[in-house]
Amino acid sequence: MGFFRRKSQQPPMSPAASEPEPAKAADLDDLDERGWDAVTQAVSQHYPGAREFHVAYSPGLHFGSALQGCSALPGPDHWFYVTYGLTELWGKDSDDPTTSGFGYELTMRVRRSPADETPPQWPYRALIVLAQYVRSGPQELWLGDRIRLADGVTDDPDGTLTTLAVTADPVVTPIETPNGRVAFWQAVALTDADVEEAKRSTTDEVLERLAVDDPLLIIHPERH
């Protein structure tokens with residue numbers, strides 16, 4: 001599926017009231033975090049010992065935010081981001097025992113130089129914009145979809161990355177949790193030229209071409 005699923009709507013805008021802020025772990029101390037812990041364990045095994053840079057989105061998942069938070073972990077040549085909130089992070093709420101929430105969390109990989117000690121902030125914004133799309137209905141998000149962001153993907157006003165494509169994460173595989181199955185769907189940044197190519201073929205074919213040189217589909221913000 002390589003098309004916009006809501007052609008009559010404007011591209012998702014940056015969140016006005018869900019900006020990331022430092023996580024406040026104490027706020028969740030009294031909750032059953034079985035779903036949260038399962039996501040963390042699935043990711044951390046691929047980045048053992050890595051420092052976690054976590055942000056919480058205000059006012060929080062139960063008060064209108066599209067996500068509860070998002071974490072970034074440093075790899076040797078990239079930052080790995082994972083969302084928290086599209087699945088059931090705490091106890092089981094839905095009637096479907098086989099699937100946790102929407103059934104997936106979003107991931108993203110962004111180029112990292114060895115000297116970079118803290119992750120860039122724009123992926124936190126881009127991922128919550130994508131999560132807002134997921135929650136806005138009525139159509140669902142599917143693997144192979146392309147979502148154009150009104151403000152672009154990065155924080156560079158002259159950047160050429162305009163669109164996020166969705167594919168299965170190439171490393172973090174689906175897991176079974178106490179709340180049901182959780183998959184990990186990676187958001188990959190495309191240029192307008194990539195999008196035009198995808199319209200002539202498919203999103204999957206464009207991603208397969210990009211993966212020849214970069215199997216992890218790491219986002220390079222300056223790519224043209």
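**Close-up views of a predicted model**

**Figure 1. Thr163 lies in strand 7, which spans residues 161-168.** The structure shown here and in the other views is a predicted model. Thr163 counts as buried because its relative accessibility is 0%, and the cut-off for buried is under 20%. The side chains of Thr163 and Thr162 are joined by a polar contact of 3.1 Å. Leaving out residues up to four places away in sequence, Thr163 touches Arg146, Ile147, Arg148, Val153, Val188, Ala189, Leu190 and Val195.

**Figure 2. The largest nonpolar core has 36 residues.** Tyr81, Met108, Leu141 and Leu164 are the members that touch the most other members. At least two residues of this core come from each of strand 2 (53-57), strand 3 (69-74), strand 4 (78-84), strand 5 (99-111), helix 2 (122-136), strand 7 and strand 9 (180-191). Helix 2 gives the largest share, ten residues. In soluble globular proteins, nonpolar side chains tend to be buried together.

**Figure 3. Leu86 sits in the loop between strand 4 and strand 5.** Leu67 is 19 residues from Leu86 along the chain, and 6.7 Å separates the C-alpha atoms of the two. Not counting residues up to four places away in sequence, the residues that Leu86 touches include Ala66, Leu67, Phe102, Tyr104, Leu106, Ala131 and Val134.

**Figure 4. Helix 4, residues 203-213, has buried and exposed residues.** Thr203, Val206, Leu207 and Leu210 are buried. These four are on the same side of helix 4 because they cover an arc of only 95° around the axis. An α-helix has 3.6 residues a turn, so residues three or four places apart point the same way. Glu208 and Val212, on the other side of helix 4, are exposed. What do the buried residues of helix 4 pack against? Their partners are strand 6 (146-148), strand 7, strand 9 and helix 3 (192-200).

Methods
Residues numbered from 1 in each chain as written. Predicted model: local features only at pLDDT ≥ 70, side-chain atom pairs only at ≥ 80, totals over all residues. Heavy atoms only, no water. Buried < 20%, exposed > 50% of the residue type's maximum accessible area, 1.4 Å probe, protein only. Polar contact = N/O pair within 3.5 Å; in protein donor to acceptor, adjacent residues only side chain to side chain. Contact = heavy atoms within 4.5 Å. Core = buried A, V, L, I, M, F, W, Y, C linked by side-chain atoms within 4.5 Å. Arc of directions from axis to C-beta.
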